[in-house]
Amino acid sequence: MTKADNRIALVTGANKGLGFETSRKLAQIGIFVLMGSRSIARGKAAAKELQQEGLPVEFIQLDVTKPEQMRRAASEITSRYGKLDILVNNAGISVGEGHGRNSTESVTPKALRATFDVNFFGLVELTQRLVPLLRKSDAGRIVNISSILGSLAIHSREGGMSYKPFAYDASKTAVNTFTIHLAAALAGTAIKVNSAHPGWVRTDMGGPSAPLAASEGAETAVRLATLGPDGPTGKFFHGEEELPW
Ligand code: NAP
């Protein structure tokens, strides 16, 4: 059994893909990880898999579109630990894709709203509820899982990205705005806030043709979650490379 140090992390969407691998890597370095999952069955199974590897993790039910679950998670963390050291806002969806259904001209209001509900509104609300607990940490770290597809600089470059799922990309641009604004609001505190692009990763979302394994994709989030006191805040990274907004 890996002995937990006194750091507590919460990873959303931790039952599979990048969230699962990020949880595994954080737990492997001794951080106690609360693995958020909207499904009780999937979340418990994922936590059990890592517990069987001897890792300090626990399942916590957390659908980021459900205010009541976010409130309950914050109050449970408050009463059990009294602080939070790391928040990895990883849960994300991309809906309305395929056959041009997520283009600027064709995306439905429903798909646009559903995407923003998870990727942006849920992320902001959960973070707001947890900032008071992150303030109690000696070294609070917030990692917002964004995407290079949220980079306006890259999309607007000549020859830049041809793949443009609009709802998803706009939601990640909004996430990046939150990163910049929250980092500014928390300047002078011990909390660092950064956006991460994991790379194109083989998960249910990334598909089987992606070049990176989930364990490789998780590396950016883990680096930003464990930055030292001199590390950056209010920035956007893939690995060690800083990306343009
Ligand atoms: P994934 O395998 O589809 O996993 C997404 C996770 O988010 C799942 O655990 C899913 O839970 C969870 N989720 C969805 N809606 C939720 C909600 N309302 N509340 C809580 N959890 C919810 O995707 P992934 O590739 O690991 O993606 C993780 C993050 O990386 C996302 O933010 C994504 O945008 C970002 N990203 C991925 C890539 C890539 O190439 N894969 C590239 C750039 C950025 P369920 O199992 O219950 O659906």
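User: Let's start with H6: how many of its residues are buried?

Analyst: This is a predicted model, and in it helix H6 is mostly covered, with 14 of its 20 residues buried.

User: What about H1, how many of its residues are buried?

Analyst: H1 is mostly covered too, since 9 of its 12 residues are buried; among them are Leu18, Phe20, Glu21 and Arg24. For its length, the 12 residues should span 16 Å at 1.5 Å a residue, and the end C-alpha atoms are 17 Å apart, which agrees.

User: Now the sheet. In what order do the strands come?

Analyst: The sheet is open and has 8 strands, which follow the order S3-S2-S1-S4-S5-S6-S7-S8 with mixed pairing. Strands S3 (57-61) and S8 (241-242) stand at the edges, and each has a single partner strand, so one side of each is left without a neighbour in the sheet.

User: Okay, take S1 then. Which strands is it joined to, and by how many bridges?

Analyst: Strand S1 (residues 8-11) runs parallel to S2 (residues 32-37), with 4 bridges joining the two, and valine 11 has methionine 35 in S2 as its bridge partner. To get from S1 to S2, the chain passes through helix H1 (residues 17-28), and this β-α-β crossover is right-handed. S1 is also joined to strand S4 (residues 86-89) by 3 bridges, again in parallel, and here leucine 10 stands opposite leucine 87.

User: Are the faces of S1 covered or open?

Analyst: Both faces are covered, with Ile8 and Leu10 buried on one side and Ala9 and Val11 buried on the other. As background, the side chains of a regular strand alternate between the two faces of the sheet.

User: How do S6 and S7 pair?

Analyst: Strand S6 (residues 192-196) and strand S7 (residues 236-238) pair in the parallel sense over 2 bridges, and serine 195 has phenylalanine 236 in S7 as its bridge partner.

User: Switching topic: what volume does the largest pocket have, and which residues lie nearest its centre?

Analyst: Its volume is about 1,100 Å³. The pocket is lined by 40 residues, and those nearest its centre are Gly92, Ile93, Tyr168, Thr203 and Met205.

User: Which helix gives the most to that lining, and what kinds of residues are in it?

Analyst: H1 gives the most to the lining of the largest pocket, with 3 residues, while H1 and H6 (166-185) each supply at least two. The lining residues divide into 17 nonpolar, 16 polar and 7 charged.

User: Last one: how much space lies in the largest cavity, and what lines it?

Analyst: About 50 Å³ of space lies in the largest cavity, and its lining includes Leu18, Thr22, Asn90, Ile145 and Pro198. The elements that give two or more residues to this lining are H1 and helix H7 (214-225), and the largest share, 4 residues, comes from H7. By type, the lining of this cavity has 6 nonpolar residues, 4 polar and no charged.

Key: Residues are numbered from 1 along each chain as its sequence is written. This is a predicted model: local features need pLDDT of at least 70, side-chain atom pairs count only at pLDDT 80 or more; totals for chains, interfaces and linings use all residues. Side-chain values use heavy atoms; hydrogens and water are left out. Buried means under 20% relative accessible area, exposed over 50%, partly exposed in between (1.4 Å probe, protein chains only). Two strands pair if DSSP finds at least two bridges between them. A crossover is right-handed if, with the strands pointing away from the viewer, the path from the first strand over the helix to the second runs clockwise. On a 1 Å grid over the protein atoms alone, a cavity is a set of points where a 1.4 Å probe fits but cannot get out, and a pocket is an open set with protein on both sides within 12 Å along at least five of seven lines; lining residues have an atom within 4 Å of a point. Grid points are joined across faces, edges and corners, and a volume is the space filled by probe spheres set on the points. Ala, Val, Leu, Ile, Met, Phe, Trp, Tyr, Cys and Pro count as nonpolar, Asp, Glu, Lys and Arg as charged, and the others, Gly among them, as polar. The expected span of a helix is 1.5 Å times one less than its number of residues.
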